[in-house]
Amino acid sequence: MRVPNSVVLPVGTHVDCCREEEVEEKRRDIMAKITAMLVERKSNLAHFINNLEGSEEPEFYVDQWERLKEMENCTLTILKLVAVNCMDHRDIKKLEETILEHVKNEELFPEVVRVLPPVYRQVEVAIVDIAQSEEMADHGMMDLQYLLSKLSQCKHLANLGRELLQDILRYLHRIGLVVWYEEIKHLESTVFLQPTFLITMFKLLVRYRLVQQLESIS
């Protein structure tokens, strides 16, 4: 809701826990709730903006007013919900195909056609090789400078600089191949070459009814 021209694909899981007629019913219910939420958001933003404009000293709220106006202009495209059974590989494949189909839609993503320099692909391939090597720890964490030195050992990447590597890592982070939290001071020098490790870690830490589970332990 805060990113300009966002495109969101809702995904409903646990289809295997529902009867066939329930799936469509839940799909309609979720999409209706999303629509209602967007309408409420638009109404709330308009209300806040009107309040600021009608205040006795509106000049004190210019920054806040500008932020709200920016949010008001952020368009949000909600695609049709995809229902999947995560226990069925065919459903995962169907979800992957749906995502790729949407991503290639130039109406949704006008900037989808982008020609990348060959070095981007070369670094991507090299990072995959490093991540899959036997010397790589299961957590897949690597110091940024050490990663640069490892990549520089490749003959065709000998002149790879830190600044270019950071640009490439931003791209690889966006496509999900690696995770690099450059905006977090304590993590800016760490690259996660195995994003699935983070997923496993978060699953251990962030759980449904976690507080109740902890409180039940004597």
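Phe-192 is buried in this predicted model, with a relative accessible area of 6%. Tyr-181 has 23% relative accessibility and counts as partly exposed, because burial requires a value under 20%.

**Aromatic pairs**

The whole structure contains 2 aromatic pairs.

| Pair | Centre to centre | Angle between planes | Geometry |
|---|---|---|---|
| Tyr-120 and Tyr-171 | 5.7 Å | 65 degrees | edge-to-face |
| Tyr-181 and Phe-192 | 6.2 Å | 70 degrees | edge-to-face |

Tyr-120 belongs to helix H4 (residues 118-132) and Tyr-171 to helix H6 (residues 162-174). These two residues are 51 residues apart, and their pair links distant parts of the chain. Both Tyr-120 and Tyr-171 are buried. Tyr-181 sits in the loop between H6 and strand E6 (190-192), while Phe-192 is in strand E6, so this pair ties together parts that are 11 residues apart in sequence.

**Nonpolar cores**

The largest nonpolar core has 24 residues. Those with the most contacts inside this core are Val-123, Ile-127, Leu-147, Leu-151, Leu-160, Leu-169 and Leu-193. Two or more residues each come from H4, helix H5 (144-152) and H6. H4 contributes the most, with 7 residues.

With neighbours within four places in sequence left aside, Ile-127 is in contact with Leu-147, Leu-151, Leu-169, Leu-172, Val-178 and Leu-193. In soluble globular proteins, nonpolar side chains tend to be buried together.

Terms used:
Residues numbered from 1 in each chain as written. Predicted model: local features only at pLDDT ≥ 70, side-chain atom pairs only at ≥ 80, totals over all residues. Heavy atoms only, no water. Phe/Tyr/Trp six-rings, centres within 6.5 Å; stacked < 30°, edge-to-face > 60°. Helix = DSSP H or I, 4+ residues; strand = E, 2+ residues; numbered from the N terminus. Buried < 20%, exposed > 50% of the residue type's maximum accessible area, 1.4 Å probe, protein only. Core = buried A, V, L, I, M, F, W, Y, C linked by side-chain atoms within 4.5 Å. Contact = heavy atoms within 4.5 Å.
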